Protein chains: 2
Amino acid sequence: MRKLSGTSGLLLGMISVKGRQTGYEIKRLVEVSTRFFWAASPAQIYPELRRLESDGLLTSAEEPQGGRARTVYSVTETGERALREWLTESSAPGFELRNESLLKLFFADALPAEEQIELVRAMRAKHEAILDGIRKATPAYRPDRQFGYVSWLYGLGLHGWIVDWCKQLERDLAAGSMPLGPEEGDSSASRAG
Amino acid sequence: MRKLSGTSGLLLGMISVKGRQTGYEIKRLVEVSTRFFWAASPAQIYPELRRLESDGLLTSAEEPQGGRARTVYSVTETGERALREWLTESSAPGFELRNESLLKLFFADALPAEEQIELVRAMRAKHEAILDGIRKATPAYRPDRQFGYVSWLYGLGLHGWIVDWCKQLERDLAAGSMPLGPEEGDSSASRAG
DNA sequence: TGGCTCATGTAAGCCGTTACATGATTTT
DNA sequence: AAAATCATGTAACGGCTTACATGAGCCA
């Protein structure tokens with residue numbers, strides 16, 4: 001059994017949880033749920049569904065609606081087993097981050113004070129926009145989908161923390177209370193948690 | 001002037017801040033600083049340095065040490081300007097995250113309770129390892145490199161927050177205090193910040 | 001009639017990783 | 001003498017984004 005990639009686990013998982021799905025339906029589901037920590041575009045979804053089918057983890061049925069083509073996928077027994085294996089396999093799950101705001105902040109010493117603050121403001125705006133997106137995607141609470149709710153809370157909490165961190169840094173910069181040495185553990189310590 | 005990618009900004013920034021550098025030196029610098037939010041491998045660094053040189057943003061000098069080839073790069077005037085433009089350009093800086101632990105947690109409802117907790121433990125272990133790496137990379141404090149220190153604090157704070165979130169969830173799961181409805185805003189509210 | 005949503009897909013390209021290869025020099 | 005570090009690179013591949021293309025059905 002080929003090891004599942006994150007994206008194939010995502011597709012398999014969505015179909016398993018929601019039942020029979022088209023690629024388009026999965027795309028919409030992803031947009032209001034996992035996209036904040038695992039995105040997937042049509043150019044990934046459609047070919048990957050076919051691959052999963054040819055591997056025997058999915059079956060498909062052509063169910064056109066009127067003259068409109070439509071392919072509905074279901075998870076096979078083998079697919080369910082593969083999903084559970086993926087969920088519980090003990091290989092270290094990846095955490096990949098590319099944060100360009102922070103990269104710029106890293107080099108901000110060369111900038112004038114006003115532009116330093118502007119960098120932090122732009123970073124905060126970014127995460128406030130993400131927070132908006134997460135809030136709009138509030139999951140309907142269902143006792144059989146608790147972990148959907150839990151990961152939604154994670155998004156709120158994480159980006160909320162970042163926004164607060166930015167606000168604190170903006171205050172410090174505006175007050176000119178930088179330089180802060182590593183031993184002056186007041187606001188910096190609160191930021192470091 | 002070609003718009004700089006994050007990675008070219010990184011290279012330009014490192015050479016600008018630290019002065020003349022070889023690719024190898026940059027690789028080591030990245031490993032103890034930006035790699036927690038912006039990684040770069042040799043297979044990116046060496047070709048990109050050449051591209052930046054052919055674009056006139058860097059100059060190189062062959063400075064072999066004994067019989068060992070060595071190419072030292074410096075930032076040109078044009079390069080310094082490009083770096084400042086990149087730092088202050090107002091295009092929204094990207095934030096990309098791929099969190100496979102959280103993706104698995106999202107689908108955890110189907111698992112037995114013990115395996116749910118195991119998932120959270122694995123997630124916490126991951127971030128504790130990252131925290132270790134960040135702590136080991138403590139930057140020497142220098143007043144002219146405050147933002148190097150600030151972004152280090154960010155890493156500590158962010159991953160510290162995640163570890164705490166995992167611990168809280170582990171407690172909730174162990175106590176069986178899930179299901180938690182959206183209106184019972186005690187521990188869940190504290191997690192959401 | 002025009003625009004939106006449903007629905008499926010492809011092509012080109014960027015970005016990045018893993019793994020490998022080479023060889024000198026320094027340290028143990 | 002062996003192992004680690006310095007130093008530079010390439011080949012193959014995987015994964016993902018952007019942009020495009022097609023066409024049906026639905027609604028104002």
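Before you start: residues are numbered from 1 along each chain as its sequence is written, and chains are lettered from A and ligands numbered from 1 in the order in which they are written. Because the model is predicted, local features need pLDDT of at least 70 and side-chain atom pairs count only at pLDDT 80 or more, while totals for chains, interfaces and linings use all residues; side-chain values use heavy atoms, with hydrogens and water left out.

**Exercise 1. The fold of chain A**

Task: Work out how many helices and strands chain A has, and in what order they come.

Solution: 
- Step 1. Count them up, and chain A gives you 8 helices and 4 strands.
- Step 2. Now walk along the sequence of chain A, and you'll read α-β-α-α-β-β-α-β-α-α-α-α.

**Exercise 2. Shape and surface**

Task: Compare the radius of gyration of chain A with that of a compact globule of 193 residues, then describe its box and surface.

Solution: 
- Step 1. The radius of gyration is taken over C-alpha atoms, and the globule rule is 2.2 Å times the number of residues to the power 0.38.
- Step 2. For 193 residues, a compact globule would come out near 16 Å, but chain A has 22 Å.
- Step 3. Along the principal axes, the C-alpha atoms of chain A fill a box of roughly 65 × 40 × 35 Å.
- Step 4. The accessible surface of chain A is about 9000 Å², with 51% of it belonging to carbon and sulfur atoms. Areas like this come from the Shrake-Rupley method with a 1.4 Å probe; for residues, only the protein chains shown count as cover.
- Step 5. Buried residues make up 51% of the 193 residues in chain A. Here, buried means under 20% relative accessible area, exposed over 50%, and partly exposed in between (1.4 Å probe, protein chains only).

**Exercise 3. A salt bridge inside a helix**

Solution: 
- Step 1. A salt bridge is a side-chain nitrogen of Lys or Arg within 4 Å of a carboxyl oxygen of Asp or Glu.

**Exercise 4. A salt bridge between chains**

Task: Trace the link between A:Asp109 and B:Arg145, and sort the two residues by accessibility.

Solution: 
- Step 1. Their side chains meet in a salt bridge of 3.0 Å, N to O.
- Step 2. The pair crosses between chains: A:Asp109 is in the loop between helix H5 (100–106) and helix H6 (113–136) of chain A, and B:Arg145 is in the loop between helix H6 (113–136) and helix H7 (146–174) of chain B.
- Step 3. At 22% relative accessibility, A:Asp109 is partly exposed, whereas B:Arg145, at 11%, is buried.

**Exercise 5. Who touches B:Ser101?**

Task: Locate B:Ser101, classify its accessibility and list what it touches.

Solution: 
- Step 1. B:Ser101 is in helix H5 (residues 100–106) of chain B.
- Step 2. With a relative accessible area of 6%, B:Ser101 is buried.
- Step 3. Skip residues up to four places away in sequence, and B:Ser101 touches A:Pro93, A:Gly94 and B:Met123. Contact means heavy atoms within 4.5 Å.

**Exercise 6. The surroundings of A:Tyr46**

Task: Find the helix that holds A:Tyr46, then look at its accessibility and contacts.

Solution: 
- Step 1. A:Tyr46 belongs to helix H3 of chain A.
- Step 2. Its relative accessible area is 39%, so A:Tyr46 is partly exposed.
- Step 3. Leave aside neighbours within four places in sequence, and A:Tyr46 is in contact with A:Gly23 and A:Tyr24.
- Step 4. For a distance check, A:Tyr46 and A:Ile134 are 88 residues apart in sequence and 25 Å apart in space, C-alpha to C-alpha.

Note on methods. Helix = DSSP H or I, 4+ residues; strand = E, 2+ residues; numbered from the N terminus.
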